[in-house]
Amino acid sequence: MATGSLRASAVLTAFFGLTVPLMPVQALLLRVSDRAARRFPHWYHRQVCRLLGVKLNIEGSVAKGAPVLLVCNHTSWLDIPVLSALAPVSFVAKLEVGGWPFVSALARLQRSVFVDRTKRLAAGDAANAITTRLQQGDTIVLFAEGTSSDGNRVLPFKTSLFGAVAGQGMPAADQVVVQTAAVVYTHIHGIPVTRADRPRLGWYGDMEMTSHAWGVLKSGAITVTIKVGPPVPLSEFKDRKDLALKSERAVRRDVLSILRGREDGDLTPVEPSDEARRAKLTVPVRKSDKWT
């Protein structure tokens, strides 16, 4: 226990020692160079993953030179540095994140897109923001489940935010590509994480972030596998529902493949029922510390 606390304290000290001096650098880059402002957080989060002891096992890659909508499952706050270490990306986050101490500053410096989930028109606002960023050639990460899970499953994808790539004003459909990324935390200290232990790394339900983060930092080295799907032109999807369903199936298949350690062809993922797909999120916005 004492060793774990000592490790967590050392990691936090190193994290703030790295982060605080670099925040003015990114703030300056946002003013003088869009390209550098996109790429600098990618380099920074690779250093953060090293500090946290997170080993990245990456299969596939994010397309370069095109606007990318990267559709991902969501398990933990660790997803933020992990996916940012994967490629230069920006995130879609709920509006409340913009009010979190310190975290809000980091989110804004990475050019996150904030969504007000308490308003009926939030999806439309998010769609406009995502459209603008894709027009600028950005890679936008969308946690399409709308919340985080325990890491043992993929929740039904919500179709509303996919309207951002199905409306007017988008770049030409043959220029935008859609990719999926399945994120699974597989090992702690080189020991495989079991189904029963995986929720220790997941940040879901009404978990409080500070205590959860402290527990994760005490745990030790973590291995995460990220399986990136091939780029698919937006023009190949009929509408946002088609895009959401096909993306969900791809992410669910890849998550199951990583969890089972088996080839895709041997797997037949069980899909949610129609009732589960229609169900609304049950976590109250005012009690949630989640990113989405």
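My entries start with the ground rules and the whole chain, then move to strands and a helix pair.

**Ground rules.** I am working with a predicted model, where local features need pLDDT of at least 70, side-chain atom pairs count only at pLDDT 80 or more, and totals for chains, interfaces and linings use all residues. Residues are numbered from 1 along each chain as its sequence is written, and side-chain values use heavy atoms, with hydrogens and water left out.

**Whole chain.** I looked up the secondary structure and found eight helices and nine strands. Here helices (H or I, at least four residues) and strands (E, at least two) are DSSP runs, numbered from the N terminus. Next I checked burial: 49% of the 292 residues are buried. Buried means under 20% relative accessible area, exposed over 50%, and partly exposed in between, with a 1.4 Å probe and protein chains only. I noted an accessible surface of about 14100 Å², with 56% of it belonging to carbon and sulfur atoms. These areas come from the Shrake-Rupley method with a 1.4 Å probe; for residues, only the protein chains shown count as cover. Then I turned to contacts, meaning heavy atoms within 4.5 Å. Of those between residues at least 6 apart in sequence, 77% join residues at least 24 apart.

**Strand S6.** I went to S6, residues 177–188, and found 11 of its 12 residues buried, so the rest of the structure largely encloses this strand. Which strands does S6 pair with? I counted a pair where DSSP finds at least two bridges between two strands.

- S2 (residues 68–72) pairs with S6 in the parallel sense over five bridges. Cys72 stands opposite Ala181 of S6 here.
- S8 (residues 222–228) runs antiparallel to S6, joined by seven bridges. Ala181 also has Val228 of S8 opposite.
- S9 (residues 232–233) is antiparallel to S6 too, with two bridges. Val178 faces Val232 there.
- S7 (residues 191–192) is joined to S6 by two bridges, again antiparallel. His187 stands opposite Pro192.

Two residues lie between the strands, and His189 takes a positive phi near 55 degrees.

**Strand S3.** I asked how many residues of S3 (residues 90–94) are buried. The result was five of five, so I wrote the strand down as mostly covered. Ser90, Val92 and Lys94 point one way, Phe91 and Ala93 the other, and all are buried. I then traced the partners. S4 (residues 113–115) pairs with S3 in the parallel sense over three bridges, and Ala93 has Phe114 as its bridge partner in S4. S5 (residues 139–143) is also parallel to S3, over two bridges. Ser90 stands opposite Ile140 of S5.

**Helices H1 and H6.** Last, I checked H1 (residues 2–32) against H6 (residues 209–219). Their axes come within 7 Å and cross at roughly 105 degrees. The axes are lines fitted to C-alpha atoms, for helices over the stretch in contact, and angles run from 0 to 180 degrees between N-to-C directions. H1 and H6 are therefore roughly perpendicular. That label covers 65 to 115 degrees; under 35 is roughly parallel, over 145 roughly antiparallel, and the rest oblique. H1 brings Gly4, Ser5, Arg7, Ala8, Ser9, Val11 and Leu12 to the contact, and H6 brings Trp214, Leu217 and Lys218.
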